[in-house]
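Have the viewer open as you read.

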Amino acid sequence: MSGPPSPSPKNWFRALRRTRLGEPCMKTYPLECVELLKRTRGAFQAGRTVNERFRQTQLEAIVRMLVEHECDFVDALGRDLHKPRFETVISELMLVKNEAVHAINSLKKWMEPQRVERNLTTTLDDCFVMNEPLGVVLIIGAWCSPVHFCLVPLVGAIAAGNCAIVSPSEHSSHTAELLHRLFPSYLDNECFHVVLTGLNELTEIVELKFDHVFFIGNKEDGTRIAQAAIRMLTPVTLVLGSKNPCYVDEHCDIPITARRIAWARFHNAGQNMVAPDYILCHADAKERLLQALRCCIMQFYGSDPRESRSFGRMVNLECLNRTRDLLGKCGKVAVGGKVIEAEKYIAPTILTEVTDSDPIMQQEIFGPVLPILTVNSLDEAITFINQREKPLCVYAYSSNCKVISRLMTETSSGSFCSNDCVLQSLLAVLPFGGVGASGMGSYHGRQSFDNLSHRKSCLLRSTRIESITYLRYPPYEDRNLSLMTWASNLSQRSQGWCQIL
Amino acid sequence: MSREETVVVRARRAFQSGKTKPLAFRVLQLKGLHRFISERRKEIAEAVQKDLHKTEHGTELFETLGLEGEINLALERLAEWAAPRPVEKNLLTISDEVYIQPEPLGVVLIIGAWNYPWAVTLQPLVAAISSGNAAVIKPSEVSSHSAKVMEKLLPLYLDTELYPVVTGGVPETQELLKQRFDHVFYTGNSTVGKVVMAAVARHLTPVTLELGGKSPCYIDKNCDLRVACRRITWGKFVNCGQTCIAPDYILCEPSIQGRVVEELKKCITEFYTDDPKSFEDYGRIINQHHYRRVMALLEGSTVALGGDSDETQCYIAPTVLSDVTGGSKVMQEEIFGPVLPIITVSGVDEAIQFINEREKPLALYVFSPDNKLIRRVIAETSSGALLANDCLVHFTISALPFGGLGNSGMGRYHGKHGFDQLSHLRACLIRKLKMEGVNTMRYPPHTAKKLSWARFLLLKQVNVGKLRQMAQVTLFAALAAFILQRFFRST
């Protein structure tokens, strides 16, 4: 079985030359995807990905790709999103590396069949659950963290033994092109591909026969993808953007709270699916919080964030205009508010006097704008959150653990974090995903592996002990039934009814 | 507001009141369900007799016994399943609480099937109740007597707002599917499965689909044919072949086809006598539509055994077809009837190829004494489940996830798998507003030094268990050194 082509000098120079000359990448059309899918499926059916060694080699190749081309990624993300180097390295490259290393270290354990509990009557049988790859997975990543959203699910897909076709968003075009160029030099050319398409072509592509579709993005696109997947009964994982509420209690350390919230909201210029979308602040803490946030923004980005190398830009004019419209229509600008269209810049902005019927509260913000709504009690905050769709994350800041506990148990969301933001979505050990309108299915670490595997139940019996099994055959007799009922009552403490079957 | 809308709104309101959150409530409901099955045994058996011509013993064996087992398992393990599940920490989260909390989804719609009207409708209900959801139960209208009994009697044992039963046909089901649910659990065929998925996709409702397919059964020429055929006969003709995991067709070498037919004949006679039509333990096809469908499948194939039928009774004798090919009519759809085609293949290689050319089935059966062969089939084919040397019984083991993939469905249930399928496993990270010093490395303005700290802290996975172990070993070593030192000093 041949491994992936190693980055030989010829390949390295070719990649370097392409990166320097900025050769435009050809868009992949649905017809080409049909061919690509056929080739990938052929590679899967030939059994290339089944072997543990192969999967490890591919995962190691991903790590090498990120290490060797760190500068290229920083450059591409800088051009796409004006992303500071720090954010690229930490929230994109390091995250993927972490996942890949975690997968490499745990792969053997994950791949082992899981034996299930047996009882007296099944001690002679072999009863286990096998983790089988699904086949070909389609991964559609969002533009706000293109490396993370394309490569973390890919790590899961590779670990589970699948082949994959990755479609990075056309909005982060430099990163998409970079991935398209680097993949052939690091990963197996038959099993893993990058395609460059827009959403309309994507829905056509989803209708082809994939074994799983993994989508991270906004709700409208996610719904279209889910509907397209029905044709072939393709299971989907959807991680969808939502309005993530953040409750700030009267009893909490305001300066630290403000710092954590400001970091979470304004990094990547607010274009982050797990950022707190709006604050529900207890009336008694509002002024202090506002003041503290003002100070934090000054500390992080200086008096003019436009000059700061640590502050990003909007990905394109469409998103800028959408956010600017929301800004103009409601509330009062307490901090920031400046918009410079030519630079795709929106200053870190805080809005007050926002009500829940304002346009800004009807859709996900996805920009560096943070509305603060006032609530008079925890009950009001919980009611407010529960009246809306289930979000991807719920955040709560309080030094009172009863408050945290109540907020956690009385609301529902993809994930929950108290006294911090975003961190729960970066850990490989915690599943990350949505519920209800924020999606279905989850990924990260073991969860990715399980989600992208088929857990096949296996029961291996022998044909030798037929004398016990005769009880189940017709003609059915009272005597046989009572024996079986009696036996099943005995074995109720174990995991099955009437193992005598 | 239509009846269906009213029912769903009421269920949602009841769920939102938080009634189902305490485990004690769920235990009460599960016990109520258990009482229903024990006290109403007779009514259930009568209904199934009218629907599927099944005897009381058959009903108890195949419908209620399994249900009782699932309820007892849920009662025993509920506290364990519903508890927070801690996960590994790293250096960054070492002082935090990091765990996964199972949470109910909300209102689940369970659409049952007619072939085992009690088992496949109420087993998902056990999962829904134990995971703390409300559930709207829609039994299949095709098994109409069972649906009526369920509608009349179940509300006497369960909370009527949280677990309403809605009966009706296609229009009522369509009306139900217009409402918004948090999960839909459907058992049936793939055509309707797609319709269900499409109906709920606009609400982004996740679905579990337990569909069917053609479950292949490979018989190795070296196996004990007598025992193998016995088990296959049982698996195939129980419920008159109307089981989603029944062995749909046999693959075997031409040299043993004759013997297979002979053994099947012996077993059929032993189980169902020479005249299965008059024998009480042999079932009937559910209705005339399916009767005609199954009879039409016989076209073009050689009947080796059986073949008798009676439309007035929807009776089809246990039938075996020989020398069938991949292109025969009977191989174009799931049979779901007492017709067993035999296809000859040159060996396990051709059998694997034949199986892989087709859609992934819900179950795959292999009869062979050779472990290597069995392992080969496991590795080289894909199916919901694989059974060696028996049929159907994996359905009874709650520890094994039951479900399909590809055309045979998505999602799984039974035991804890059902609980997890109908729960949301929410990631929780509980931090404190202390140790802010550690966090400063992530705040702007970004510097190279902060970046190197971040690299260190994020990339190191810490196994807290191992650290504790290391600390214990160090302590033990220090103690040992101390004792030795005292010992040497005294001597």
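Where is Asn419(A) found? Look in the loop between β16 (415-418) and β17 (432-433) of chain A.

## Ground rules

This is a predicted model, so to speak of local features pLDDT has to be at least 70, while side-chain atom pairs count only at pLDDT 80 or more and totals for chains, interfaces and linings use all residues. Residues are numbered from 1 along each chain as its sequence is written, chains are lettered from A and ligands numbered from 1 in the order in which they are written, and side-chain values use heavy atoms, with hydrogens and water left out.

Element names follow DSSP runs, numbered from the N terminus: helices are H or I with at least four residues, strands are E with at least two.

Over in chain B, Pro444(B) and Pro445(B) are joined by a cis peptide bond, with omega at about -10 degrees. Pro445(B) sits in the loop between α15 (436-439) and α16 of chain B.

## A sheet across two chains

Here's one to trace by eye: an open sheet of 10 strands, ordered β10(A)-β13(A)-β14(A)-β9(A)-β8(A)-β15(A)-β16(A)-β17(B)-β2(B)-β1(B), with mixed pairing. (Two strands pair if DSSP finds at least two bridges between them.) The edges are β10 (332-335) of chain A and β1 (85-86) of chain B, each pairing on one side only.

Helix α10 (residues 254-266) of chain A packs on this sheet and touches β8, β9, β13 (349-352), β14 (369-375) and β15 (393-397) of chain A, where contact means heavy atoms within 4.5 Å. The direction of α10 makes about 140 degrees with that of β14(A); axes are lines fitted to C-alpha atoms, for helices over the stretch in contact, and angles run from 0 to 180 degrees between N-to-C directions. Within the sheet, β8 (residues 245-248) and β9 (residues 278-282) of chain A run parallel over 4 bridges, and Cys246(A) has Ile279(A) as its bridge partner in β9(A).

## A sheet in chain A

Chain A also has an open sheet of 6 strands, in the order β5-β4-β3-β6-β7-β18, again with mixed pairing. Its edge strands are β5 (192-194) and β18 (439-440). Helix α7 (residues 173-186) of chain A packs on the sheet, touching β4 (163-167) and β5, and its direction makes about 150 degrees with that of β5(A).

Strands β6 (residues 212-217) and β7 (residues 236-240) of chain A pair in the parallel sense over 5 bridges.

## Empty space

Rolling a probe the size of a water molecule over the atoms shows where empty space is left. On a 1 Å grid over the protein atoms alone, a cavity is a set of points where a 1.4 Å probe fits but cannot get out; a pocket is an open set with protein on both sides within 12 Å along at least five of seven lines, and lining residues have an atom within 4 Å of a point. Grid points are joined across faces, edges and corners, and a volume is the space filled by probe spheres set on the points.

Of its 26 lining residues, the closest to the centre are Ser91(A), Trp263(A), His267(A), Val422(A) and Leu426(A). Both chains take part: α5 (85-111) and α6 (146-159) of chain A and α16 (448-459) of chain B each give two or more residues, and α5(A) gives the most, with 4.

The second largest pocket has a volume of about 1,200 Å³. It has 47 lining residues, and those closest to its centre are Tyr186(B), Gly188(B), Asn189(B), Ser190(B) and Val192(B). The largest share of that lining, 5 residues, comes from α8(B).
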